Amino acid sequence: MMPPMFMRVRIAGGAGRGFGLWIPLFLVWPLLVLVIVVALPFAAVAEAILTMAGNRVRIVGLLLWPMEALTACKGLSVDVQSGGRNGNGRVNVEFN
Amino acid sequence: MTEERRRILNMLAAGKISADEADALLDALNKRQRAGGGPAESPRVIDKKDLKYMRVTVESLKGDNVNVKVPLAVLRAGIKLSALVPKQAYAQINQKIAEQGFAFDISSIKPDDLEQLIDALSELNVDVNSAQGDKVRVFFE
């Protein structure tokens, strides 16, 4: 499953004011993967040490989980509108 | 007994839905029957494999509207996170939950339970209309 490539945030205020943010997540993923790849050996060693000490903590799983969670966000959409149907006070966040 | 009622009662008997969910479905069925004067339409039946999102929509007469679409994969990822929590932390987490007034054991959450829940929710359609004209809908698509 592909992670979301963009995150779009649109905030609309009264009288047509507002702004939008377009965040290219496809630039963030390679950096995130790089960080995970670098940290993975250390996490594996730490998990092995803790397991041998009798205190198992799934450090590797916790390190990989954010990537899975962010991948799952594809299609997530939150649209909140307040103050009437003329669009006053509207916040829209989408992961595409 | 209509076919729709029989299906809801069969799901309840099989444990696929809770009593509260069966009650909500039967209420929705009764309202449709009273409004239409006849047997209600079949509840939305979606192939479980096609379920991808949980939708929550709120429409109020004051113009405060909320529309949320949550991929089911996010729910699955949340369940997996609970499986990654160290067992040593379960007691503390359960205590914090109990302080909020909920008797819940986080160690009882298992990925299989989520799949069963999603299977049962494939036919759930919650429609709430308040006296003030506010509408709340929760459904899966």
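Two strands are said to pair if DSSP finds at least two bridges between them, and that is the idea I would like you to keep in mind as we look at this model, which is a predicted one.

Let me start with chain B, where strand β1, residues 53-59, is joined to strand β4, residues 135-140, by 6 bridges, with the two strands running antiparallel. If you look for B:T57, you will find that its bridge partner in β4(B) is B:R137. On the neighbouring topic of strand β3 of chain B, residues 125-129, there are 5 bridges to β4(B), and these strands run antiparallel. Here B:D127 stands opposite B:R137, so please notice that B:R137 has come up in both pairings, opposite B:D127 and as the bridge partner of B:T57. β3(B) and β4(B) form a hairpin with 5 residues between them, and in that turn B:G133 has a positive phi of about 95 degrees.

Now, where do the two chains meet? The contact takes 24 residues from chain A and 20 residues from chain B, and together the chains bury about 1,800 Å², of which 55% is on carbon and sulfur atoms. On the side of chain A that touches chain B, the elements that give two or more residues are α2 (59-72) and β3 (77-81) of chain A, and α2(A) gives the most, with 6 residues. The residues on that side of chain A divide into 10 nonpolar, 8 polar and 6 charged.

How many salt bridges does the rule find across this interface? It finds 0 between chain A and chain B, although 4 residue pairs are in polar contact there, with both residues at pLDDT 80 or more.

Let me finish with side chains inside chain A. The structure holds 5 salt bridges over all chains, and one of them joins A:E94 and A:R10, at 3.5 Å from N to O. Because A:E94 lies in strand β4 (residues 90-95) and A:R10 in strand β1 of chain A, the pair ties together parts that are 84 residues apart in sequence.

There are also 2 aromatic pairs over all chains, including the edge-to-face pair of A:F6 and A:F26, with 5.7 Å centre to centre and 85 degrees between the planes. A:F6 lies in strand β1 of chain A, residues 6-12, while A:F26 lies in the loop between β2 (18-24) and α1 (28-52), 20 residues apart.

Terms used
Residues are numbered from 1 along each chain as its sequence is written. Chains are lettered from A and ligands numbered from 1 in the order in which they are written. This is a predicted model: local features need pLDDT of at least 70, side-chain atom pairs count only at pLDDT 80 or more; totals for chains, interfaces and linings use all residues. Side-chain values use heavy atoms; hydrogens and water are left out. Contact means heavy atoms within 4.5 Å. Buried area is the accessible area (1.4 Å probe) that two parts lose on being put together, summed over both. A salt bridge is a side-chain nitrogen of Lys or Arg within 4 Å of a carboxyl oxygen of Asp or Glu. A polar contact is a pair of N or O atoms within 3.5 Å; within protein, one must be able to donate a hydrogen and the other to accept it, and residues adjacent in sequence count only if both atoms are side-chain atoms. Helices (H or I, at least four residues) and strands (E, at least two) are DSSP runs, numbered from the N terminus. Ala, Val, Leu, Ile, Met, Phe, Trp, Tyr, Cys and Pro count as nonpolar, Asp, Glu, Lys and Arg as charged, and the others, Gly among them, as polar. Rings of Phe, Tyr and Trp (its six-membered ring) pair if their centres lie within 6.5 Å; planes under 30 degrees apart count as stacked, over 60 as edge-to-face and the rest as tilted.
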